[in-house]
Amino acid sequence: MDNSKDKIHVIIAARHILYRLGIKTILNVIGIEPELIEADSWDMIKSLQEKSDYEFVIISEEILPDPKLQHLESLKCSDENCSIMIINDGSSEEADYPCLSLDTENKKDIIERFQHFFFNNQSDEANSTTDKSVLSFREIDVLKAVATGASNKEIADMLFISINTVITHRKNITEKLGIKTIAGLTVYAIMNKFISPDEVTR
Amino acid sequence: MELTSRLINKDLLFSLNTQMADVIHRNYGLIPIISRFGINFGFGNKTIYEVCAENNINVRFFLEIVNSFHNPQYFPKKQLQTFPSALIIQYLSNTHKYYLKSKVPEIIGYINKMKELASDDNLKNIELIDNFFREYKNELEKHLANEDSRVFPYIMSLEEALETMDFNADLIDHIRNDSIEKYERNHGNLEEKLSDLKNLLIKFLPPVVSTEICQHLLTELFRLESDLENHTRIEEKVLVPRVKLLEQKVLESCG
């Protein structure tokens, strides 16, 4: 199944590859599996944005040409639905944009910052447009597996994600639906025709 | 005058001199609790004290139970722990009967009616709800049966042993290997299932033709849930600590 158009689209923009890899790792930790494009220059960001819509841009401050704020604005203007997060050294604050300071030492803080950036934005958007209880395609994959009786380990192997990511997805599914038990999730999955009753092996 | 003070002090606790009829007037949610004690309607203007005396009910125990149901903030753990185990157990078993003989069949009745009246395309969904509740019911039955047939008799044998100072090896064995601590506890899953069922009905079941029945069903699920919460609270906060104490006493007594 091609889910790419339902995935969220993210640009990671930073000059150095190690930097970008680090951000990718964090996205994995918080359970986001976006359609992801890396950019290592300002021109590349601009050309990417022209080709397609990106909901999230994580941008390292060093990649912005001067005057930085003005360039940021231009990014925002070209696509209103785009959320931007800036990673900087903490010395300057680009007003109105979520920031992650590089001197954040605590891993937990960093992860929370990212979670806030992705999930809060998502729910704001959801509030205004669609139902909050709508699951993402990846969550539906996990839900299907849970409902047919797979363990976290089995789901992780099946979907090529870490067990932690499985747990995060499950937590989000339960929060969105208000359903905690496997039996309840199974009923939901069948009701919504994500799985057929014969697939339930219990 | 009477009426206004009654309205203002809605959460006021009931006392020996409260009229039994006023208990129900103030909180009709207490109807099943009163009947659980074996009290029938028709008590005229008699007070709680009088009605309990007539029905051979420990009035202090009655008051603590009714008040703790009425006002969730009021939970006299210490007082409740002073009552004999037999009294608490009798109340809990009566509650079990109420769940199994009255509440659960009532809920099944509503689900069956919804099935009867369902449109063709929604029938499958209501059958899913039906299966889900039956699964819950089986778990609940198993849980309650285990309490009735194993846990409660065990508690009574602890009381008896302390009374007669006759400690047999089986009992000591039971305390050492299968103490009440192990029995704390799998209420969690039962509560989660009930809450899931509510959400499935409220949020996800496509609208049914029989809306009124669905509303009744939902209301009964909420009632069952709050009754079970109270029940669990008594088991976990009153019975279990008391039994731990008994176990300890038995072990001390026989060295």
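How many residue pairs are in polar contact across the interface of chain A and chain B? The rule finds four, with both residues at pLDDT 80 or more. A polar contact here is a pair of N or O atoms within 3.5 Å; within protein, one must be able to donate a hydrogen and the other to accept it, and residues adjacent in sequence count only if both atoms are side-chain atoms.

Before going on, the ground rules. This is a predicted model, where local features need pLDDT of at least 70, side-chain atom pairs count only at pLDDT 80 or more, and totals for chains, interfaces and linings use all residues. Residues are numbered from 1 along each chain as its sequence is written, chains are lettered from A and ligands numbered from 1 in the order in which they are written, and side-chain values use heavy atoms, with hydrogens and water left out.

Back to the interface. Chain A puts 14 residues into the contact and chain B puts in 14 residues, contact meaning heavy atoms within 4.5 Å. Together the two chains bury about 1,200 Å², with 69% of it on carbon and sulfur atoms. Buried area is the accessible area (1.4 Å probe) that two parts lose on being put together, summed over both. Of the area that chain A buries against chain B, 43% comes from A:Thr181, A:Val187 and A:Met191, more than from any other three residues.

Salt bridges across this interface number zero. The rule asks for a side-chain nitrogen of Lys or Arg within 4 Å of a carboxyl oxygen of Asp or Glu. The whole structure, over all chains, has 19 salt bridges.

Here are some of them. A:Asp141 pairs with A:Arg138, the closest N and O atoms being 3.4 Å apart. A:Asp141 is buried at 14% relative accessibility, while A:Arg138 is partly exposed at 21%. Buried means under 20% relative accessible area, exposed over 50%, and partly exposed in between (1.4 Å probe, protein chains only).

In chain B, B:Lys46 and B:Glu54 meet at 3.1 Å, N to O. B:Lys46 is partly exposed at 29%, and B:Glu54 is exposed at 54%.

B:Lys193 bridges to B:Glu139 at 2.6 Å between the closest N and O atoms. B:Lys193 is buried at 5% relative accessibility, whereas B:Glu139 is partly exposed at 27%. Shared partners also join B:Lys103, B:Glu106, B:Glu220 and B:Arg223 into one salt-bridge network.

Last item, cysteines. The search over all chains finds zero disulfides, taken as cysteine sulfur atoms within 2.5 Å. B:Cys52 is buried, at 0% relative accessible area.
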